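Please keep the sequence and the model at hand while reading.

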Amino acid sequence: MISKTYAPQEIEDKWYSYWIENRFFNSKPNPDKEPYTIVIPPPNVTGVLHMGHMLNNTIQDILIRKARMEGKEACWVPGTDHASIATEAKVVAMLKERGISKHDLTRDEFLEYCWEWTHKYGGIILQQLRKLGASCDWERTRFTMEPDLYDSVIDVFIDLHKKGDIYRGHRMVNWDPQARTTVSDEEVIMKEVNQKLVYLKYEMIGGEGEGQGVVVATTRPETIMADVAICVNPTDERYQHLIGKEVLIPLINRAIPVIADEYVEIEFGTGCLKVTPAHDTNDYELGKKHNLPIIDLLNEDGTLNEKAQILIGEDRFVARKKIIKLLEESGSLVKIEEYKSNVGHSERTDSVIEPRISEQWFLKMEKISKPALDNVMDDTIQLIPPKFKNTYRHWMENVRDWNISRQLWWGHRIPAYYLKDGTIIVAKSKREALRKAQLEYQLFALTEEDITQDPDVLDTWFSSWLWPISVFNGIKEPDNDDINYYYPTNDLVTAPEILFFWVARMIIAGYEYKGTYPFKNVYLTGIVRDKQGRKMSKSLGNSPDPIDLINTHGADGVRTGMLFSSQAGNDLPYDDKLVEQGRNFCNKIWNAFRLVKGWEIDTNLLVPQGSVLAVKWFESKLNVTLSEVQDHFTKFRISDALNAVYKLIWDDFCAQYLEMIKPAYEKPIDPITFEATLEFFDQLMRLAHPFMPFISEEIWQNIRGRKANDSICIAEFPQAGQSDLSLLNDFDILFELVSGIRNIRNAKNLSPKTTLPLAIRTDSKARYESLAELITKLAYIEDISFVEGESEGTSFRVKSDEFFVNLADEIDVETERENLQKELVYTQGFLESVTKKLSNERFVANAKGDIVEKERQKLADAEAKIMTLQEALVRLG
């Protein structure tokens, strides 16, 4: 017996356990089946489920469940990413709470704490995905730091170094002083910040300028001690006489030259630029051009070092405040202005980024990235929606060498070893490095104690760019059964913000190591935003807890709710009403099934003519929708596919079909119509299953007896058959007719159960004769007659046919006449406005054809309605 109310909490755990026990989600290579593969964008081990994950993984689950039902060998590989910076920050914070500093630990001791964290928290998000209904092959779960994946990353580094694509060099990098590591350009978030623009004076030395000063404006006065020049535009008449002379840096009185370069904008600021190559990217390039020295006055943690000469050991922002005071006291401060500018922040720690010259490892990108650009531009790999191709092209055409080293301990340690003379040997282990040193450099007396490994680890993305290959062990065993069968994968579902970070790099790795693309389609989801359009985040407190939502509304309600308004690449404006709508949809399905299962069957009953037609109609409607849904899936319009399913179930099946075939109160139903209805329910649940896995399984199992260990998730996805378009058209007219009669009842405040007579003026008498039983049932009509001319009663039109409902003594004639007169005046005014628009030659000539045609249809409809209203007034006298 199916319970009275839909209680998702009672069925979700039950069915998920059942699916896992029966290993429905597990996959292995099967030459008799077409593979369908998705690799999960691996969430950070530090992560917990958020709304973006919910949307992303719901879409992946829909795709994988549909493929499984279509008979494909569906494989969805789950896993997590070690997330070097984020995890290390979490572990450092945990140690701080315990009174332990990272710097008091050895590397191995610190890594033990990292593994402790990972084992304790790393699997939380994967467990939460089970609550969502994610049908991953959990036995294939991978982690970027597990041995095989670790080895794969090291092997790729060694291979690319051997090819000459990886090198070590000094570059200006983005430095995160809090994490004490470099971060990539893509990990720098620009934020508008209120700052102070400080104007300060540099005194001239000797000559005509003695005692005079050059005024410079800067937002970073704490870096003046690292200045190596003042630069002016050579065409700036104000400063031409100063070029080649020297000025003194305030407070430390070190002499620096005045140089000229067209880079300086005459109109910007004072027209004088302080040049600090160690602490500004543009200054660094200017310094290289003019052979200027480099003075780095910051330590790794953002404090001032001894090269600053003053305020040594102070934090950069504390030093900024103090130096302004010192400048004021020394008389070097001219003025201060409030100033807004964009400042780079670390995506991981939110610390203000410092441009810093550092020796790092880099991967040459220009040559290796070319196939990844070409094959997206020619749609070998499709970005969905395609609007992201322009962004992708811009990134890839302006690609810079990838800084792949990070100054952290948690991660894949760079396999580079240094001899005491600075010689670098890239090898898989210290023993192998020693062997290479002995053989290649004839250093036979060398021991492992004479060799030091690079302390840095690789950028996290340097492991995840191999993800579609490494999860199938395709780097270590390039010809194994899994990689040969599952690669390339089919679809990738991810967020646009990691299009370059991750997607482009996976494509690069795919062509480099497998000679082909890693996936055929990239579905880019939008960002989940609140009603005010803000991105959801913990810091803003505007994001609901996904698990709380699931506990309240059920997983199916949340899944469908999030998808109702989520088109590819478009941001999702989240509203609690969406998941409430999802939950209501579940209740609607549940109550409809309870209604049907509650009917008593009488095997002696014949099938009513109305039920015969209703079954044929819904079969056609179902087939039309199945074609629509399939088309939406091929175009990755997942939200549109769901909305088509929603309309079919809620409007066509529940609101129309069940009303047409349901027996009278406490009366039985015939067995043929009942069986047809159960079969429809079976197909509808199979159609809905990818979107709503739990409720569809519960109902499907209760429709009829199932074999042991059977499940809807391996049942066939319904296929579209033929549709009777003529019948569908007849039923559209039927529903409009019924709606017209119901409107009359509502307008006259008549009971919906009051039976009324209906007269029809039509050239299609046969249509209404075949539909008579349904008209009578749905519109509560006592008898139907056909007339040639006018008839008594209130009238309305559907297309070219006219219908008369004789309300006899049910209405007040005078009130009815007034209402008709008001409607006539309104319609005549509407007709006049449409006529005026269509008589405008410019409108007709310039508007799209379909818009003009719609206006002409409005004209015809208004004219027909006016005629009907005038005739009704005549009949009233």
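Leaving aside its neighbours within four places in sequence, which residues is Asp801 in contact with? The model is a predicted one, and in it Asp801 touches Arg761, Thr762, Asp763, Arg767, Tyr768 and Phe796 once those sequence neighbours are set aside. Two of the contacts of Asp801 can be described in more detail. The side chain of Asp801 makes a polar contact of 2.9 Å with the side chain of Thr762. A polar contact of 2.5 Å joins the side chain of Asp801 to that of Tyr768. Asp801 has a relative accessibility of 4%, and because buried means under 20%, Asp801 counts as buried.

Asp801 belongs to strand S29, and the strand as a whole comes next. Five of the five residues of S29 are buried, so the strand is largely enclosed by the rest of the structure. Asp801, Phe803 and Val805 point one way from S29, while Glu802 and Phe804 point the other way. Residues on both sides of S29 are buried.

S29 is part of an open sheet of four strands, in the order S27-S26-S29-S28, with mixed pairing. The edges of this sheet are strand S27 (781–786) and strand S28 (794–798), each of which pairs on one side only. From one strand to the next, the twist averages 25°.

The pairings can be taken one by one. Strand S26 (residues 756–761) runs parallel to S27, and five bridges join them. Across this pairing, Ile760 stands opposite Phe786 in S27. S26 also pairs with S29, in the antiparallel sense and over four bridges. Here the bridge partner of Ile760 is Phe803 in S29. S28 and S29 run antiparallel and are joined by five bridges, with Arg797 having Glu802 in S29 as its bridge partner. S28 and S29 form a hairpin with two residues between the strands, and in it Lys799 takes a positive phi near 55°.

Which strands does helix H23 (residues 725–747) touch? Helix H23 touches S26, S27, S28 and strand S29 (801–805), and its direction makes about 155° with that of S28. Helix H24 (residues 765–779) also packs on the sheet, touching S26, S27 and S29. The direction of H24 makes about 165° with that of S27.

The next topic is aromatic rings. A pair of aromatic rings is described by the distance of the centres and the angle of the planes. The count comes to 40 aromatic pairs. One of them is Trp15 with Tyr18: the ring centres are 5.2 Å apart and the planes lie at 85°, so the pair is edge-to-face. Trp15 and Tyr18 are separated by about one helical turn because they are three residues apart in helix H1 (residues 8–21). Trp15 counts as buried at 9% relative accessibility, and Tyr18 counts as buried at 17%.

Another pair is Trp115 with Trp410, where the centres are 5.1 Å apart and the planes at 80°, so this pair is edge-to-face. The pair links distant parts of the chain, 295 residues apart: Trp115 is in helix H4 (residues 107–121), and Trp410 is in the loop between strand S17 (405–406) and strand S18 (416–418). Is Trp410 buried or exposed? Trp410 is buried, with a relative accessible area of 0%, whereas Trp115 counts as partly exposed at 30% relative accessibility.

Aromatic residues also gather in a cluster made up of Phe593, Trp617, Phe618, Phe653, Tyr657, Phe680, Phe681, Phe731 and Phe735. Elsewhere, charged ends sit over rings. That of Arg706 is over the ring of Trp700, 3.6 Å from its centre, and that of Lys837 is over the ring of Phe843, 5.7 Å from its centre.

A last stop is Thr303, in the loop between helix H7 (281–289) and helix H8 (316–330). Thr303 counts as buried, at 13% relative accessibility. The side chains of Thr303 and Asp301 are joined by a polar contact of 2.6 Å. Not counting residues up to four places away in sequence, Thr303 touches Leu297, Leu298, Gly313, Glu314, Asp315 and Arg316.

How values were computed
Residues numbered from 1 in each chain as written. Predicted model: local features only at pLDDT ≥ 70, side-chain atom pairs only at ≥ 80, totals over all residues. Heavy atoms only, no water. Pairing = 2+ DSSP bridges. Axes fitted to C-alpha atoms, helices over the stretch in contact; angles between N-to-C directions. Contact = heavy atoms within 4.5 Å. Phe/Tyr/Trp six-rings, centres within 6.5 Å; stacked < 30°, edge-to-face > 60°. Buried < 20%, exposed > 50% of the residue type's maximum accessible area, 1.4 Å probe, protein only. Lys NZ or Arg CZ within 6 Å of the ring centre and 35° of its normal. Polar contact = N/O pair within 3.5 Å; in protein donor to acceptor, adjacent residues only side chain to side chain.
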